[in-house]
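This report walks through a few parts of one protein chain. Please look over the sequence and the structure before reading on.

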Amino acid sequence: MSDLPPRQPRKGEAYAIERNDIRSEIILDAPGRFIVELAPTDRRMPFLRVNVRVRRRPEKVFYVPVTQRTSYVLESSEEGLVLQFDSRDIVASSIRPLKISDLVAVLRHRRRQKRFELPLGPGVVLRPLLYIGGPEERELATALGSLAGWGFGVASDNLQKTLSRHFDGRPAQASERRPTAEPKIAVVVHLHYIDLWPEFEALLEAIDRPFHLILTLTQPDKAFAERVRARSKDAEIIVYDNRGRDIGPFMQLLREGRLDPFDLICKLHGKKSGLSGPRMILGDIWRQACAFDLIGSRDVVDRIIAKFGRSPDTLMVGSSRFRLPNAWKDDEAAWGENKAMILNLLEAMGLASGSPPNFFAGTMFWVRRGALEPLKQLDLPLTSFPNEAGQQDGTLQHALERVLGMICGNISGVAWDEVEPDAREADPIE
């Protein structure tokens, strides 16, 4: 892909590209339909930040799907449209008018491509042409389809705001806060993949209130333990066999009484849904969205503590984006292949088994320690969980994922980008 010479549109021209060491811009002076091609620098997350400017309108930021080389249809009824990229993110870019010869390929997959389109403003739409590219583009299309199935469509606030946190960091903290109560807090992080620790480390440092850190691993790592304790000297680092994903170790902490001293527990884990391909992208977005919603900043944590303080009946708080059932996953999908096992577990705890599913997929949440007491009755040793074999449903850990929410009854969803009138109020926990 070769770049057009960097320049402003000449009189009578509809488009041009302008570049310098800081930014790269695609400039449209007239309405029309165009083919845009982008080649970004290497990146793990297959999205590119673009600033969109239209005359007399505020600048907006969007994150567009991108592979090593991606083509897009850009349709605009506006004059004076500018798409601006950071020059460090772009290797090459080009734009040309849509030709009749393009239409056959574009229209052949129009219905499937439409679900990936991104409205950049009134009269402006960008549509990645993933189905007419190579294997990498089609793989990204599969990943985007999986994300959409969880409510993270390309144009959704769920995805766009999660990507804004990933690329731009957390918003500025509030300069003043009312005094907050200090319940005894444990943050439990399960890390099968210790390379993800820097993500959690940065977020935990921003909490700026006392908590006790418990890390569970699946194999010993002396250098990693020394790194953690250099920042948090009182951290507990416990190695368990690789059974039950994140839930098996959590159940062992509960069974061994390690969680008993605390009022509130924040449970997190280094979720990966795959090491490459579409499932990797789903896992990365899922993990980061949950982490941002639960420990995204001091304000986020204060808001959650306040929610528990205001409502003694609230036993669990998790990411509203992954609370099931929802608009994208109905009751049947929420049960999965686990209904019989769930009902057996509820019966073993002496709890009613007629309730519908209500839980946080991915098992990341804040919970009152007392709400977990029924689970102790199960007395499940780690050997109760199956050997790890990449199972996606129908195991003890998948059943307990749902049971954890169902035993709490009154659970509440949160998101880091939500605004509450009393966002910085925190009442003491009774």
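Is Arg127 buried or exposed, and what is its relative accessible area? The model is a predicted one, and in it Arg127 is buried, with a relative accessible area of 4%. Residues count as buried under 20%, so the value for Arg127 qualifies.

**Arg127 and Ser71**

Arg127 belongs to strand β10, residues 124-128. Leaving out residues up to four places away in sequence, Arg127 touches Ser71, Tyr72, Val73, Glu75, Arg110, Gln113, Lys114 and Glu117.

Ser71 is part of strand β6, which covers residues 70-76. Along the sequence, Ser71 and Arg127 are 56 residues apart, while their C-alpha atoms are 8.6 Å apart in space. Besides Arg127, Ser71 touches Val36, Glu37, Pro128 and Leu129, again not counting residues up to four places away in sequence. With Glu37 there is also a side-chain to side-chain polar contact of 3.2 Å.

Helix α3 runs over residues 135-148 and has 14 residues. From first C-alpha to last, α3 reaches 20 Å, close to the 20 Å expected at 1.5 Å a residue. The buried residues of α3 are Glu137, Leu140, Ala141, Ala143, Leu144 and Leu147. Viewed down the axis of α3, these buried residues fall within an arc of 165°, so they line one face of the helix. An α-helix has 3.6 residues a turn, so residues three or four places apart point the same way. The cover over the buried residues of α3 includes strands β4 (47-54) and β5 (60-65), together with helices α4 and α8 (277-295).

Helix α4 spans residues 157-168 and contains Asn158. Asn158 is buried, at a relative accessible area of 15%. A polar atom of the Asn158 side chain lies 2.9 Å from the backbone oxygen of Gly151. Apart from residues up to four places away in sequence, Asn158 touches Gly151, Phe152, Arg321 and Trp328.

**Helix α7**

How many of the nine residues of helix α7 are buried? Eight of them are, so α7 (residues 247-255) is largely enclosed by the rest of the structure. The buried ones are Ile247, Gly248, Pro249, Phe250, Met251, Gln252, Leu253 and Leu254. Among the elements that cover them are β11 (185-191), β12 (212-217), β13 (236-239), β14 (264-269), α12 (373-376) and α13. After α7 comes Gly257, with a positive phi near 80°.

Ile342 is in helix α11, residues 339-348. Its relative accessibility is 0%, so Ile342 counts as buried. Setting aside neighbours within four places in sequence, Ile342 is in contact with Trp335, Ala399, Arg402, Val403 and Met406. Ile342 and His398 are 56 residues apart in sequence and 9.1 Å apart in space, C-alpha to C-alpha.

His398 is also among the residues nearest the centre of the largest pocket, along with Arg245, Lys271, Arg279 and Gln391. This pocket has a volume of about 1000 Å³ and is lined by 35 residues. Helices α8 and α13 (396-406) each supply at least two residues of the lining. The largest share, four residues, comes from α13.

**Buried residues compared by value**

| Residue | Relative accessible area |
|---|---|
| Arg127 | 4% |
| Asn158 | 15% |
| Ile342 | 0% |

Note on methods: Residues are numbered from 1 along each chain as its sequence is written. This is a predicted model: local features need pLDDT of at least 70, side-chain atom pairs count only at pLDDT 80 or more; totals for chains, interfaces and linings use all residues. Side-chain values use heavy atoms; hydrogens and water are left out. Buried means under 20% relative accessible area, exposed over 50%, partly exposed in between (1.4 Å probe, protein chains only). A polar contact is a pair of N or O atoms within 3.5 Å; within protein, one must be able to donate a hydrogen and the other to accept it, and residues adjacent in sequence count only if both atoms are side-chain atoms. Contact means heavy atoms within 4.5 Å. The expected span of a helix is 1.5 Å times one less than its number of residues. The arc is that of the directions from the helix axis to the C-beta atoms. On a 1 Å grid over the protein atoms alone, a cavity is a set of points where a 1.4 Å probe fits but cannot get out, and a pocket is an open set with protein on both sides within 12 Å along at least five of seven lines; lining residues have an atom within 4 Å of a point. Grid points are joined across faces, edges and corners, and a volume is the space filled by probe spheres set on the points.
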